[in-house]
Amino acid sequence: MVLTDAHYFEEIGPKKLEEIRKLLDENENRSKLEAMKRLLALVSLGKDMSSYFPYVVKNVIGTTFEVKKLVYMFLVYYAEEQSDAALLAVNSFQKDLTHGNQLIRAQALRVMTSIRVGMIAQLQVMAIKQVMRDPSPYVRKAAAIAVIKVFHLDADMTDELVEIVKVLLGDSSTLVIGAAIAAYLEICPNRWDVIHGHYRRLCRVCADCDEWSQSHILRLFARYSRLFFADPNREKPDGPKECGTPNDHAGTAQNSLSEGDLLDLTGTGESDTATKGNNEAEKDALDNNQEGNGSGTSGVADSNSKNTKKSRMKKSQNALDAFYDNDGDDGIVYAQNAVSTPFGSDTPAQFNTASTVRARTEEDMPQDQVLMFKCIEPLLRSRNAGVALEVILLFHHC
């Protein structure tokens with residue numbers, strides 16, 4: 001409301017409340033507009049004005065756009081608890097589905113589907129079908145949300161509602177797609193045949209949707225990936241590695257040597273525990289003379305192990321710096337197997353910080369899964385914490 005309407009929020013007495021009824025019964029649209037402003041102001045203050053519902057519902061017929069808009073706002077708020085009174089104006093709601101203004105069409109559908117009477121469920125489905133191809137995406141979004149209301153009223157209408165969802169999923173507007181996904185997750189979350197034909201387009205439009213729609217789409221992607229895509233972190237089919245590869249054993253031996261454990265490299269495989277202290281002293285002396293003396297198997301193994309560890313740490317640090325750096329300097333060393341964004345950015349989406357974890361590469365995954373990861377990667381920078389968390393969970397679990 002504008003600043004000049006602030007007086008509507010002041011406390012009013014019984015006489016003012018009685019005056020509202022009189023204003024609603026008058027023929028002048030100016031009086032009805034005044035009454036509706038007072039009612040909505042009281043509703044916003046938390047007052048129970050449901051007793052005025054029969055007086056308000058009569059004004060749906062033959063009023064101006066300004067009055068009709070406020071009337072529908074009031075009816076949407078109280079339609080569920082005043083369903084019997086709302087039934088009297090169902091014919092008016094059906095006529096307003098063809099109104100010239102998109103706001104009136106959407107509000108009429110909302111009021112009609114908010115009536116919690118099972119006997120008109122079929123009429124509600126017919127109303128949704130009438131507007132699901134409306135020229136306005138605002139009205140089509142209202143139709144998608146209305147599908148959920150009808151489903152909770154009468155679950156026997158599921159088959160007809162699924163057909164409506166199929167049509168709405170193919171909509172060209174991102175405003176409608178998010179509501180259609182919400183309806184799908186509510187009424188038929190296991191009908192994957194409905195999603196298969198729209199999967200790639202959902203991947204491409206996800207970044208253009210609003211945060212509410214993105215949250216639903218990402219939740220759908222998480223379930224879809226776990227059902228229809230193989231785990232990209234699975235072991236390569238080179239054979240079982242129950243005891244590790246030879247390289248793993250070599251790394252273990254080198255690490256053991258660097259930590260001071262005594263291993264017999266001469267082929268006997270035995271160590272004398274009685275001379276453990278003498279062997280440790282000999283090892284320290286050998287380390288001190290390593291630069292001058294090129295011999296010494298233990299010293300060489302220790303040096304190689306340290307160099308390997310430093311190299312791994314440096315690569316991991318470079319990958320982390322590349323991921324968190326936003327300056328885009330030319331000197332950044334990006335991680336290998338990085339997945340580029342659909343906008344041509346070189347920022348890596350994934351990096352491997354442990355040698356025992358196999359990196360996810362595009363060769364290991366189906367193209368549809370790669371498409372999904374590329375399209376949702378920019379959402380990691382979303383200012384909406386819920387969206388960013390959904391993306392992180394999807395990368396973690398899929």
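**Helices and their surroundings**

Modeller: This is a predicted model. Helix 11 spans residues 174-187, and its 14 residues reach 20 Å from the first C-alpha to the last, close to the 20 Å expected at 1.5 Å a residue.

Biologist: How many residues of helix 11 are buried?

Modeller: In helix 11, 11 of the 14 residues are buried, so the helix is largely enclosed by the rest of the structure. They are Val176, Ile177, Gly178, Ala179, Ala180, Ile181, Ala182, Ala183, Tyr184, Leu185 and Ile187.

Biologist: What covers the buried residues of helix 11?

Modeller: The cover includes helix 9, helix 10 (158-169), helix 12 (193-196), helix 13 (199-205) and helix 14.

Biologist: And which residue has a side-chain oxygen reaching a backbone nitrogen at the start of helix 11?

Modeller: That residue is Ser173, whose side-chain oxygen comes to within 3.2 Å of the backbone nitrogen of Leu175.

Biologist: Turning to helix 19, which of its residues are buried?

Modeller: Val387, Ala388, Glu390, Val391, Leu394 and Phe395 are buried in helix 19. They lie on the same side of the helix because they cover an arc of only 160° around its axis. On the other side of helix 19, Ala385 and His396 are exposed.

Biologist: What lies over the buried residues of helix 19?

Modeller: Helix 14 (211-228) and helix 18 (367-376) are among the elements covering them. At the start of helix 19, Asn384 places a side-chain oxygen within 2.9 Å of the backbone nitrogen of Gly386.

Biologist: A change of topic: at what angle do the axes of helix 7 and helix 9 cross?

Modeller: The axes of helix 7 (residues 102-113) and helix 9 (residues 137-153) cross at roughly 0° and come within 9 Å. Helix 7 is therefore roughly parallel to helix 9.

Biologist: Which residues make that contact?

Modeller: Helix 7 contributes Gln102, Leu103, Arg105, Ala106, Leu109, Arg110 and Thr113. From helix 9 come Tyr138, Val139, Ala142, Ala143, Ala146, Lys149 and Val150.

Biologist: Lastly, which residues of helix 2 are buried?

Modeller: Ser31, Lys32, Ala35, Met36, Arg38, Leu39, Leu40, Ala41, Leu42 and Val43 are the buried residues of helix 2. Their cover includes helix 1 (14-25), helix 3 (53-57) and helix 4 (65-78).

Biologist: What follows helix 2?

Modeller: Gly46 follows helix 2, with a positive phi near 95°.

Note on methods
Residues are numbered from 1 along each chain as its sequence is written. This is a predicted model: local features need pLDDT of at least 70, side-chain atom pairs count only at pLDDT 80 or more; totals for chains, interfaces and linings use all residues. Side-chain values use heavy atoms; hydrogens and water are left out. Buried means under 20% relative accessible area, exposed over 50%, partly exposed in between (1.4 Å probe, protein chains only). Helices (H or I, at least four residues) and strands (E, at least two) are DSSP runs, numbered from the N terminus. The arc is that of the directions from the helix axis to the C-beta atoms. Contact means heavy atoms within 4.5 Å. A polar contact is a pair of N or O atoms within 3.5 Å; within protein, one must be able to donate a hydrogen and the other to accept it, and residues adjacent in sequence count only if both atoms are side-chain atoms. Axes are lines fitted to C-alpha atoms, for helices over the stretch in contact, and angles run from 0 to 180 degrees between N-to-C directions. Angles under 35 degrees count as roughly parallel, over 145 as roughly antiparallel, 65 to 115 as roughly perpendicular and the rest as oblique. The expected span of a helix is 1.5 Å times one less than its number of residues.
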